[in-house]
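Reader: I would like to go through the labels used for this model and see what each one rests on. Please set the value against the cut-off wherever there is one.

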Amino acid sequence: MIEVEDWAEIRRLHRADGLAIKQIARTLGLSRNTVRAALRSDGPPRYERAPQGSVADEFEPRIRELLRAYPSMPASVIAERIGWPYSGRTLRTRVAELRPAYLPPDPASRTSYAAGELAQDDFWFPDITLPVGCGQVRSAKQLPVLTMVSGYSRWAGAVLIPSRNAEDLYAGWWQLIGQLGAVPRLLVWDGEGAVGKHPDKLTAQCQAFRGTLATGVYVCRPADPEAKGIVERFHDYLEKSFLPGRVFISPADFNAQLSEWLAKANMRWHRRLECRPADRIAADRAAMIALPPVAPVTGWHRTARLPRDYYVRLDGNDYSVDPAVIGRRIEVTADLERVRVLCEGRTVADHGRCWAKHQTLTDPAHLEAAKALQSARRLAAVPRPGHDEVERRDLSVYDAVFGGQGAA
């Protein structure tokens, strides 16, 4: 087989310079048949390895017999029946290729949802780079946008949250439900770690959340995108309609633009419904569960004793606290926007949530209070004027004790 360079030169000499096959063969030192083959070929020469058989080929007739009789038989059971002596992955691959031919065809179906029946939730990761302050940026995998779409009305909601931690997930989830104005009777999720696993292994946080809302949560089985096709199509809509041509300068700016776009998207004509989501949302809400009288506990909550450095750490950042409560027990709470610290019901710190990492956020009032405490401590350590540091003993006392013999 000739090299690509020779193939290209043969075609140039023949088509551009008009040389005959014999002249080209003499010039390049190739046979005339090689030159003819190069001129007849449609593309450059490439090495093609001859196909080799697989160790599964000799077992294929028996595999087909088992699948014909038992189309859903697991590959591990097939391996036992045929005495498979090789790697299990090779057999699983071959069984996966053959099985669809023996499965019964899917019956005709049409998926529809009743009003208030369910909403589908998931995370969308926009393919952008977003500034988050302090000279830091986040890429797509670090930008979780929590999305929720109602099955009946297709009313959609979304919010960018700082992280996929349970504290932020449930705070964002409750925010979307609050915007919807009612609680769907079933909330469908993918296998998110903070929510649970298929079929009914929900986390303690999820059980507490759904218990407060008096609703159900269903976690789809792995690799089953059709189970939440509504929210998946919404993600595609976001990719094609929301992102193109937009520039974002901060997480707050992203959420502001997203909120404005959603207000318009929920008013647009939906081809599948042949109406707008806004036309169905009233009936959808009426069939849902009313919002609970007491909001579920979401966000970050912990108690601690304020150390001498008067800072608390949350999600990788340090936030200052009024140093007047050093040594006392404090309660740290945070949502998607604010970080607050309470001491005996009194607010002793209130900061905006920082999305950057490894930052120290200091309230100027806390810094001044700390300097005042340090100054007061230094002044207390200085001896007051008019007082000797060491008491001077009168020597006559020793004469009285030893009977006047001290001088000797």
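Author: What follows is a set of questions about labels, each answered from the values of a predicted model.

Reader: What makes H1 and H3 roughly perpendicular?

Author: Helix H1 (residues 4-15) and helix H3 (residues 32-40) pack at an angle of about 85°. Angles of 65 to 115 degrees count as roughly perpendicular, and H1 and H3 therefore get that label. Their axes are 9 Å apart.

Reader: Which residues of H1 and H3 meet, and how do they divide into nonpolar, polar and charged?

Author: From H1 come Trp 7, Ile 10, Arg 11, His 14 and Arg 15; from H3 come Val 35, Ala 38 and Leu 39. The contact divides into 5 nonpolar, 1 polar and 2 charged residues.

Reader: Why is Asp 127 called exposed?

Author: The relative accessibility of Asp 127 is 64%. Exposed means over 50%, so Asp 127 counts as exposed. Asp 127 sits in the loop between strand E1 (119-124) and strand E2 (130-133).

Reader: What does Asp 127 contact, leaving aside its neighbours within four places in sequence?

Author: Asp 127 is in contact with Ala 140 and Leu 243, once those neighbours are left aside. Between Asp 127 and Leu 243 there are 116 residues of separation in sequence, while their C-alpha atoms are 8.6 Å apart in space.

Reader: Why is Cys 206 called buried?

Author: Its relative accessibility is 0%. Buried means under 20%, so Cys 206 counts as buried. Cys 206 belongs to helix H8 (residues 204-213). Not counting residues up to four places away in sequence, Cys 206 touches Tyr 170, Val 195 and Val 217.

Reader: How do you know that His 351 is buried?

Author: His 351 has a relative accessibility of 8%. The cut-off for buried is under 20%, so His 351 counts as buried. His 351 is in strand E15 (residues 346-352). With residues up to four places away in sequence not counted, His 351 touches, among them, Tyr 319, Glu 337, Leu 361 and His 366.

Reader: What makes E10 and E15 edge strands?

Author: The open sheet has 4 strands in the order E10-E13-E14-E15, with antiparallel pairing. Strand E10 (300-305) and E15 each have a single partner strand, so one side of each is left without a neighbour in the sheet. From one strand to the next the twist averages 20°.

Reader: How do you know that E13 and E14 pair, and in which sense?

Author: Pairing needs at least two bridges. Strand E13 (residues 329-334) and strand E14 (residues 338-343) have 4 bridges, in the antiparallel sense. Thr 333 stands opposite Arg 340, and Ala 334 has Val 339 as its bridge partner. The hairpin of E13 and E14 has 3 residues between the strands.

Reader: And what joins E14 to E15?

Author: E14 and E15 run antiparallel and are joined by 6 bridges, where at least two are needed for a pair. Val 341 stands opposite Ala 349 in E15. E14 and E15 form a hairpin with 2 residues between them, and Glu 344 in the turn has a positive phi of about 55°.

Reader: What makes E12 and E16 a pair?

Author: Strand E12 (residues 317-320) is joined to E16 by 2 bridges, and at least two are required. E12 and E16 run parallel. Tyr 319 stands opposite Leu 361 in E16. The open sheet here has 3 strands in the order E11-E12-E16, with mixed pairing. Its edge strands, E11 (311-314) and E16 (360-361), each pair on one side only.

Reader: How many residues has the largest nonpolar core, and which have the most contacts inside it?

Author: The largest nonpolar core has 43 residues, and Phe 242, Phe 254 and Leu 258 have the most contacts inside it. A second, separate core has 31 residues, including Ile 161, Leu 176, Ile 281 and Leu 336.

Terms used. Residues are numbered from 1 along each chain as its sequence is written. This is a predicted model: local features need pLDDT of at least 70, side-chain atom pairs count only at pLDDT 80 or more; totals for chains, interfaces and linings use all residues. Side-chain values use heavy atoms; hydrogens and water are left out. Axes are lines fitted to C-alpha atoms, for helices over the stretch in contact, and angles run from 0 to 180 degrees between N-to-C directions. Angles under 35 degrees count as roughly parallel, over 145 as roughly antiparallel, 65 to 115 as roughly perpendicular and the rest as oblique. Contact means heavy atoms within 4.5 Å. Ala, Val, Leu, Ile, Met, Phe, Trp, Tyr, Cys and Pro count as nonpolar, Asp, Glu, Lys and Arg as charged, and the others, Gly among them, as polar. A nonpolar core is a set of buried Ala, Val, Leu, Ile, Met, Phe, Trp, Tyr and Cys residues joined through side-chain atoms within 4.5 Å. Buried means under 20% relative accessible area, exposed over 50%, partly exposed in between (1.4 Å probe, protein chains only).
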